[in-house]
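Please keep the sequence and the structure in view while reading.

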Amino acid sequence: MNWFRTRHPVRPVLVTLGSAVLLAASVTVPSATAAVVEEQPRSSVALDWYDTTAATIAADAAPTQITNSRTWAVSWLAAARATRVVPSGVDRGDFQDAALASAVHDALVALVPSRTQELDAALRATLQGVPDGAAESKGVAAGARQARLVLAAREGDGLDPASVNAPFTVPPAAPGVWQPTPPAYAPAAQYGNRLARPFLLDSPDQYRLPAPPALDSARYRADLAEVRTHGAADSTVRTKRQTETATFWLGSSLTLYTEPLRVALARSPQSSAGRARLVALFHVASVDTQIATSDSKYAYLRWRPVTAIRTGSIAPDPTWTPLHTTPAHPDYPSGHNTYSGAAEAVLSALVGPRTAPFQLISPTAPGVTRTYTTWSRLSQENVDARVYSGIHTRSADEAGLVLGERVATHALRNAARLFGPL
């Protein structure tokens, strides 16, 4: 049973985007009606630029994940706005393809100028497939205009690497209070996320989680006992499959969810405009979720399991070491799981909770391939993985899913603020 979801359920919500009524977080849809339609739109331009965006960020990635998420959000929000209204008298598909390519191109050139040559070549390739004429020229102009507008609107939003890792003064050591963790005892990271400007949240603390379980509660004692046994580097109870799960989900959530989102995009029957909205909403929700995550983390400053096990009052073990190195920020909630919760909510709302089987690989688990048919399975593996890695308590993981779902549902409800009424 998911303790946090049971105590703090996410309410179902109906979201309207365009003419479709979309089911958002925690709504159960019968599998017979939830299957993703496999019909393909007339153009692959959205997929081409999805791949171009992924390659651009991978080639010149910022050192902070939220900065890279912002790059996705800005470029695809520009594309969604540029493709939204088609001028009269031009071919809709040609206009939308040109507008999407132009918007993503111009935003990426501004944000990742080192890739200008590759991006220019990608734009030329797209426009070669669009007939010359008013649809193409007006689409290019619309994309360029929206890229300028979104870039200007997001200037100074506090999501650059220096702002994200703003200095944080560590409080004096005390039971339950976060302290730098071994082996590096690095300074706190990502504190500045909670100071950044969200896309759609009214404030970073709008969905702040309730306090984590008390240190003397049965829940926390059970959490810590599970991490101690299953998350230790030398655990004798963690299975081979559990170790694989921990290693598979160890890397960047942005990287690990790039393929699932692409699967959803490829299987979507929507036009370039609809596909642009899907990618934009996914990454806007991701950015806002990461901002909200840091708000809760630094509001509660819950110590990490390694600190609790080595120095706490419950059978301290000064030599205990987690399977994987603990990240340099507080335990509650788990950032991997807030990301998963947001991704699950957006994908379930926009393409349904189930899909045909797809395979996923991980850069941190070479040679391992896993197959999925639901987005929720990704979330559940993330919950387990952070416990088996020895770096999070299960309650921090489960709370993370809830926070991500809530922020993503907010984004879906407020989509008109991003794109305008349709």
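Which residues form one aromatic cluster? The cluster is made up of F248, W249, Y257, F282 and Y339, as seen in a model that is predicted.

## Overall make-up

The secondary structure of the protein chain amounts to 18 helices and four strands, and of its 422 residues 58% are buried. Among the contacts in the protein chain with a separation of 6 or more, 80% are between residues 24 or more positions apart.

## Aromatic pairs

Twelve aromatic pairs are present in the structure. In one of them, the ring centres of F282 and Y339 are 6.3 Å apart and the ring planes stand at 65°, so this pair counts as edge-to-face. Because F282 belongs to helix α13 (residues 272-300) and Y339 to helix α15 (residues 335-351), the pair ties together parts that are 57 residues apart in sequence. Both F282 and Y339 are buried.

Another of the pairs joins Y300 and Y332, whose ring centres lie 5.8 Å apart with planes at 75°, so that this arrangement is edge-to-face. Here too the pair links distant parts of the chain, with Y300 in helix α13 and Y332 in the loop between α14 (305-311) and α15, 32 residues apart. As for accessibility, Y300 has a relative value of 28% and therefore counts as partly exposed, whereas Y332, with a relative accessible area of 1%, is buried.

## Charges over rings

R370 lies over the face of F248, a member of the cluster, at 5.4 Å from the ring centre. The charged end of R302, in turn, is placed over the ring of Y220, at 4.9 Å from the centre of that ring.

## Packing of α3 and α6

Helix α3 (residues 45-59) and helix α6 (residues 116-128) have axes that come within 11 Å and cross at roughly 175°. Because of this angle, α3 is roughly antiparallel to α6.

On the α3 side, V45, W49, T52 and T56 take part in the contact, and they meet L119, A122, L123 and T126 of α6. Sorted by class, the residues in this contact of α3 with α6 are five nonpolar and three polar, with no charged residues.

Conventions
Residues are numbered from 1 along each chain as its sequence is written. This is a predicted model: local features need pLDDT of at least 70, side-chain atom pairs count only at pLDDT 80 or more; totals for chains, interfaces and linings use all residues. Side-chain values use heavy atoms; hydrogens and water are left out. Rings of Phe, Tyr and Trp (its six-membered ring) pair if their centres lie within 6.5 Å; planes under 30 degrees apart count as stacked, over 60 as edge-to-face and the rest as tilted. Helices (H or I, at least four residues) and strands (E, at least two) are DSSP runs, numbered from the N terminus. Buried means under 20% relative accessible area, exposed over 50%, partly exposed in between (1.4 Å probe, protein chains only). A charge sits over a ring if NZ of Lys or CZ of Arg is within 6 Å of the ring centre and within 35 degrees of the ring normal. Axes are lines fitted to C-alpha atoms, for helices over the stretch in contact, and angles run from 0 to 180 degrees between N-to-C directions. Angles under 35 degrees count as roughly parallel, over 145 as roughly antiparallel, 65 to 115 as roughly perpendicular and the rest as oblique. Contact means heavy atoms within 4.5 Å. Ala, Val, Leu, Ile, Met, Phe, Trp, Tyr, Cys and Pro count as nonpolar, Asp, Glu, Lys and Arg as charged, and the others, Gly among them, as polar.
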